[in-house]
Amino acid sequence: VSWSDRSDVVELTIPVQADLLTLVRLTAAAMATRSNFDVNEIEDLRLAVNELCLSVAADRSVGRLLLKFVGSADQVEVWCHYDGPTEPLGAWPASTENGGLSARIIEVLVDEGGPDTNEGLSGAWLRKRRRPQLG
Amino acid sequence: MGEDFEVFESYQSGATVIGVRGEIDVATAPAVSAIVTKVLSARPSDVVVDLLDVSFIDSTGLGMLIGAQKLCQQYGTSLGLAVDEPRIQRLFDITGLTGLFTTGTTPTEVIKLLTAQIEVPTVYPTHESREHGVAQNGEYT
């Protein structure tokens, strides 16, 4: 089965808890590695997914984040949705103090992304493609 | 908080150096912020945040540094950053924060830059300079 025929799908659910973002970054790095990203692209994806989670969590400290990673031969897509008792803020990136920085970082580091709603849960997604290999 | 994370202060050539090791993110940035606040309470003239052993910094970490810079400006303290990792330097570039901080590749270099900024002689207006207009940095306006 070639890469073009299949995708890796990893789903991760974490409580909205600051120290658990390391799990998200670890998963992002693993997916990027499986998609043959180079070192810089792996680091870019780690940071972008970190910012995606911060944007979706939007300073909340309760609830959980539902993440879905889909990796293929030349790209990784990530969806992040918030599931919790507080009202969604409705904006993406979040209107938090660092939201502007998050937005800029995501904008520069990934190829596509934006807000997303799934089964009534607000969130966001991004897609990062691997740079074409020279030669 | 990550097991490898560490933040500590030391003194070098009259400046306070806040060293950070590990990842600065939403979990660890408050610890850095706390030590910055503690250091600034003594009203030092120069503070360097040493990021040489920082492997990752996110928007929370950047926000913390922006907050530290604002606090330093209130206290009349000069703040500089020691950064030598291109990936972290790039993050400052893409977020437009590069010009906000005095940066160097070692704490020693940053301290020299901060000290040089302080030692720039003030040019007091003379009759001639008042006619032409001389800014405090000595340049004609």
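I take contact to mean heavy atoms within 4.5 Å, and I take axes as lines fitted to C-alpha atoms, for helices over the stretch in contact, with angles from 0 to 180 degrees between N-to-C directions. Helices (H or I, at least four residues) and strands (E, at least two) are DSSP runs numbered from the N terminus.

I note that this is a predicted model, in which local features need pLDDT of at least 70 and side-chain atom pairs count only at pLDDT 80 or more, while totals for chains, interfaces and linings use all residues. Residues are numbered from 1 along each chain as its sequence is written, chains are lettered from A, and side-chain values use heavy atoms, without hydrogens and water.

I looked up helix α1 (residues 21–34) of chain A, which lies across β1, β2 and β3 (75–83) of chain A and runs at about 175° to β1(A). Helix α2 (residues 39–57) of chain A packs on the sheet as well, touching β2, β3 and β5 (121–129) of chain A, at about 170° to the direction of β5(A).

I then traced the open sheet of chain A, whose five strands stand in the order β1-β2-β3-β5-β4 with antiparallel pairing, where two strands pair if DSSP finds at least two bridges between them. Since β1 (8–15) and β4 (112–118) of chain A are edge strands with a single partner each, one side of each is left without a neighbour in the sheet. β1(A) and β2 (residues 64–71) of chain A share eight bridges, and A:V10 stands opposite A:F69 in β2(A).
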